[in-house]
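Let's walk through this model together, starting where two chains meet and then moving inside one of them. Keep the 3D view open as you read.

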Amino acid sequence: MTAIAIAEDNRALVERTHRGLAQVWIDFESALVQVPVIARLTAGKLRREDYLSLLRNLRQQVVEGSRWISRAASNLGPEHEELRSLFVRHAVAEHRDYRMLEKNYVAAGGVLEDILGAQKNIGSEALSAFMYQAASKPDPLGMLGAMFVIEGLGERLALPWSQAIKAQLDLDNEAVSFLAYHGANDGDHLDMFDHALALAVRDIATADDVVRHARIVARLYRLQLEELDHV
Amino acid sequence: MQPVYVTATAQCLPGAPVGNDRMADYIGRLSPEAERLGRLTLRQNRIRSRHYAIRPDGGSDWTVAKLAGTAVRGLLDQVDAARVGFLASATTQNDLLVPGLASGVHAESGLPPIELASLQSVCASSMMAFKTAALQVAAGEHAAAIAVGAEFSSRYFRPGHYHGTATMRADGTLPGDAEFLRWTLSDGAAALLIEDKPAERGLSLRIDWISLRSFADRFAPCMTGGAIRGEDGSLTPWSLREGAPVAAAAGAFQLRQDVEALHRMLPVWMGEFMRLVDEGRIDPNAVDWFLCHFSAHSLREEMVKLATRAGCMIPEERWFTNIYEKGNVGAAAIFLMIDDLMRSGRLEPGQRILLAVPESGQCIMAYAGLTVVGEKQ
C-alpha cells in the first residue's frame with residue numbers, strides 16, 4: 001500500500017486530528033502572551049537579561065530534543081517503518097541545534113560557562129520527563145502531538161520573536177540565529193509533519209492521543225517559560 | 001424548547017449608494033495623504049459602494065434609532081404589531097450615552113408597549129440580539145420577537161472630530177488604526193422577525209443553534225472608542241480625565257482599530273469553527289450558504305491552508321456576501337445579508353445556512369446554524 005492510498009483512506013481522521021491540534025495551538029499561543037517574558041517582548045520592553053535567561057533556559061531543553069525523538073524512533077515497531085525513518089531523519093537534522101543557542105548567548109553578551117552549566121528549570125524538568133516517558137512506550141505515535149507544538153513554535157513564533165528581540169535589544173543576526181533559523185526552516189518540517197500524521201493516524205484512539213500529547217506538551221512548554229531560572 | 005423561525009426580514013439603507021470616488025464628500029477631507037491611505041484600505045476591503053446617513057454638509061435627517069426604527073417598521077408591514085412582545089437592539093455606538101438604544105428604537109418603531117433589551121458591543125452585538133430574541137420565543141415567553149441591528153458611524157468620521165485633537169498629525173494624517181475605519185464602516189439597519197411557527201406562505205429559516213464566545217480572557221481591547229491610550233498601551237476611560245473637553249483633545253472619542261491584532265484573532269475565530277465541527281454542530285460539507293461577516297479573500301493564505309487541512313474550508317462558491325455593494329455595516333451586517341439572501345430567490349427548502357460574525361473589539365466569535373423551511377413561492 002502506498003502512502004498516498006493510506007492518506008486517502010484515513011482523511012477524515014487526519015482532518016479530525018488537525019482540528020484538535022489547531023485548537024490546542026490557539027489556546028497555547030494566546031496563553032503565551034500572558035507569560036511574563038513573552039508579555040515584555042510583545043510590549044516592546046524586553047531587557048537583555050530577559051533574552052539571556054530565555055536562551056539559557058531553552059538550551060537545557062533543546063539539548064534533549066534529538067535524544068527523545070531518537071528514543072521514540074527506537075520504539076516504533078515494524079508496522080511503522082516509514083514513520084521511524086522520518087523520526088530518525090528529524091533527530092539528525094536537529095541534534096546540534098543547541099550549539100546555535102550557545103553561540104547566540106555569547107554574541108548577546110553572555111558567558112559561555114553560564115549557559116553550559118545551567119540546570120533545567122522546573123518546567124523543563126517536567127517537559128523533559130514527560131517526553132522521555134512518552135517516547136519510551138511501544139509505538140509512541142502520540143509523540144507527533146509533542147512535535148507539533150515544538151515545531152509550531154519554530155514555524156509560527158520564532159521569526160517574529162527573533163525580529164522583535166533584534167530590534168528591541170539592538171542585536172546582530174549572530175545573536176538571534178537560533179530563532180531566526182527555525183522561523184525560516186520549520187515550514188519544511190511542518191510539511192513533513194503532515195506526511196507523518198497521514199502515516200500514523202489510522203484510528204480514533206491514535207487521533208485523540210496525538211491531540212492529548214500536544215495539549216500536555218503545550219502546557220509544560222508554557223511552564224518552562226514561566227519558570228525561567230527557577231531550578 | 002419551542003422551535004423558532006425567522007419569518008420576515010427588512011432593511012433600511014439611507015440615501016443612494018455612494019461610490020468610492022464620492023466617499024470623501026460625505027466623511028470629509030482631512031488631507032491628500034489621508035485619502036491615499038483611504039484608497040489603499042479600499043483596495044484591500046474591495047468595497048465599491050455603501051450608504052451614508054450623513055449629508056455632505058455634515059447634517060443629517062437620521063439617528064441610529066431612526067435607522068433601526070425604519071427597519072422595524074419594514075417588519076411591521078408583514079406582521080401584526082400586537083403579536084410582537086420583545087425587541088432586542090444591537091449597535092456599536094448609540095445616539096445617546098443614556099438611555100439604551102432599544103428605547104429609542106421602540107419610540108421610532110410604532111410598536112405598542114413591549115419587553116426590550118439593548119445589546120451594545122461591535123459587530124457581534126447583532127448575534128447577541130439574535131440569540132436573546134430567539135431564546136425569548138423558544139422559552140415561550142413571547143410568540144414573536146424582533147432583533148434589529150443598526151449603525152450610524154459616518155458621523156464620527158467627519159473632520160471636526162479629529163481637528164485639534166492629539167490624534168491628528170501636523171501633516172493632516174491620522175495613525176493607521178484611526179484612518180482604517182473611516183474607509184471601512186458605513187451606515188444602515190436591518191431587522192429580523194422571529195416567531196414560534198414558520199410563516200404561513202413562503203420560506204422561513206428555522207434557527208437550529210446560535211453560539212457566541214468571548215476571548216477577552218486573552219486579548220486586550222483591539223477596536224476601541226472612548227479611551228485615551230497611554231504610551232505603555234494602557235487605556236484610560238474618557239470619563240476619568242478632568243473633563244470631556246480634555247478627553248476629546250486627547251482623542252478619546254475616536255474609533256480605533258489595531259489591524260495587527262485583528263490578524264492575531266483570525267486563528268482564534270477559526271478555532272471556534274473547528275470546535276463546533278468537533279461538537280457536531282457544523283458539518284462543513286452540508287453547508288449550502290455561508291454568510292460570513294468577512295470575505296474569503298481577506299483570509300490569508302495560511303488560514304485557507306489551515307482550514308483545508310482540518311476539513312473546515314467551505315468552498316468560495318457557497319459564500320454569500322453583499323459587503324462589496326452595501327459596505328461594512330457593523331452590527332447590521334449579518335441581518336442585511338440574511339435579508340438579501342431571503343430576497344435573492346436562490347434559497348430552496350432544506351438548505352442549510354451558516355452565519356459567522358467575528359468581532360475584533362476584544363475578540364468575540366459567533367456562529368449560527370439555520371435551515372430553510374416552507375415552500376418556495
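How many residues does the contact take from chain B, and how many from chain A? In this predicted model, chain B brings 15 residues to the contact and chain A brings ten residues. On the side of chain B that touches chain A, two helices each supply at least two residues: α8 (259–278) and α9 (301–309) of chain B. Of the elements there, α8(B) gives the most, with seven residues. If you colour that side of chain B by residue class, you will find eight nonpolar, three polar and four charged residues.

Now let's turn to the inside of chain B. Where the two domains of chain B meet, 45 residues of domain 1 are in contact with 36 residues of domain 2.

It is worth looking at what domain 1 of chain B puts on that side. Strands β1 (5–12), β3 (49–50), β4 (84–91), β6 (144–151) and β7 (188–195) of chain B each give two or more residues, and so do helices α5 (125–138) and α6 (176–182) of chain B. The most comes from α5(B), with seven residues. By class, the side of domain 1 of chain B that touches domain 2 of chain B has 22 nonpolar, 16 polar and seven charged residues.

Technical notes:
Residues numbered from 1 in each chain as written. Chains lettered and ligands numbered in written order. Predicted model: local features only at pLDDT ≥ 70, side-chain atom pairs only at ≥ 80, totals over all residues. Contact = placed C-beta atoms within 7 Å. Helix = DSSP H or I, 4+ residues; strand = E, 2+ residues; numbered from the N terminus. Nonpolar A, V, L, I, M, F, W, Y, C, P; charged D, E, K, R; others polar.
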